[in-house]
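Please describe the pockets of this protein in a short report. Cover what lines them and where they lie.

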Amino acid sequence: MGEGREGRRRRKLRSGKSISVGDVLEFLNEIYPPSFAMEGDHCGLLCGRRRVPVGSILVVLDPDRRAFAEARSAGADLLISHHPPWAPGRIPPGGRTRLRAERVPLITAHTNADFAPGGLCDLLAEDLGLERIRPLMQWQGLPVGRVGLVRPPRSWRLFRGRIERSSDDLLRVSGVLPAKVGKVALCSGAGGDLIPAAFKAGADLFVTGDIKYHSARSVLELARGRRKGFAVVDAGHFGTEKRFIEATAKRLARAFPGLRIRRWVDRRPFEPLGGAWSRCRGRREESGR
Ligand SMILES: [Fe+2]
């Protein structure tokens with residue numbers, strides 16, 4: 001954040017010295033501070049050494065074998081992902097060895113990228129055209145989720161278009177749709193645990209991903225007690241988080257204009273039968289240079 005780091009980075013860029021994994025890590029820690037990560041989450045440099053020089057970066061959502069294979073085929077020296085390879089709080093036996101065997105350093109920005117100012121929750125709120133955006137709640141001292149206003153309030157039919165354009169994923173709805181959408185809560189990724197907070201905040205809609213069956217049933221119960229309606233829109237885990245790739249790649253390209261920044265938008269892990277989504281089969285995109 002401080003001018004000091006920015007100044008050091010600019011001086012280094014001007015001096016022609018090579019950019020290292022450590023330099024990129026320092027920049028990511030500025031835009032997605034680790035202090036915004038949930039306890040036990042795997043964020044930061046998970047594999048590789050800081051002093052390794054970097055000429056090319058691949059930004060992805062998931063660091064699975066497909067992503068590492070894509071990184072090697074694209075000649076990337078560093079993989080940056082939103083999701084970590086492991087669930088919070090534990091590393092499976094042999095996990096680090098398997099990661100090292102991929103031979104590409106990995107930096108992850110997970111819940112810190114979700115909740116930091118300007119991170120995924122804020123980007124989703126902007127995408128949906130919300131105003132007066134604020135955190136939905138504090139959890140473990142972190143600003144989790146967002147809530148904001150739609151001004152002037154829009155009909156569900158019009159607001160649905162915003163969600164569809166933002167998500168590009170399958171939408172599912174639970175609850176009672178409001179006639180007018182004036183207040184919207186949201187959380188990127190799997191935000192089902194925040195349904196009660198969204199209801200309590202007076203939101204007409206809660207937009208998130210990965211809603212489970214019992215969570216959807218709880219929405220029906222909540223909505224029954226409110227005349228104006230309350231609904232949860234499951235806009236997909238992929239749909240609410242895919243902008244990590246574009247947003248992070250853009251910020252990296254601005255900070256390190258000499259680096260080749262590639263984006264790998266992998267296909268969704270599932271599709272509706274009938275192949276209605278054939279647009280996203282995994283594609284490589286490039287920014288910078
Ligand atoms: Fe996620």
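Predicted model: local features only at pLDDT ≥ 70, side-chain atom pairs only at ≥ 80, totals over all residues.

## Lining of the largest pocket

The lining has 28 residues in total. Nearest the pocket's centre lie M38, T111, A190, G191 and D193. The volume of this pocket is about 540 Å³.

Which elements supply at least two residues each to this lining? They are helix 5 (111-115), strand 8 (180-190) and helix 10 (237-241). Strand 8 gives the most, with four residues.

## Where the largest pocket lies

Domain 1 covers 3-110 + 256-287, and domain 2 covers 117-240. Both give residues to the lining of the largest pocket, so this pocket lies between them.

## The second largest pocket

The second largest pocket has a volume of about 320 Å³. Its lining is made of 20 residues. Among them, L61, D62, F238, R268 and P269 lie nearest the centre. Helix 3 (65-73), helix 10 and strand 11 (260-265) are the elements that give two or more residues to this lining.

By class, nine of the lining residues are nonpolar, three are polar and eight are charged.

Why does the second largest pocket lie between domain 1 and domain 2? Both domains give residues to its lining, so the pocket lies between them.

Technical notes: Residues numbered from 1 in each chain as written. Heavy atoms only, no water. 1 Å grid on protein atoms, 1.4 Å probe; cavity = no way out; pocket = protein on both sides within 12 Å on 5 of 7 lines; lining within 4 Å. Points joined across faces, edges and corners; volume = space filled by probe spheres on them. Domains from an automatic or database assignment. Nonpolar A, V, L, I, M, F, W, Y, C, P; charged D, E, K, R; others polar.
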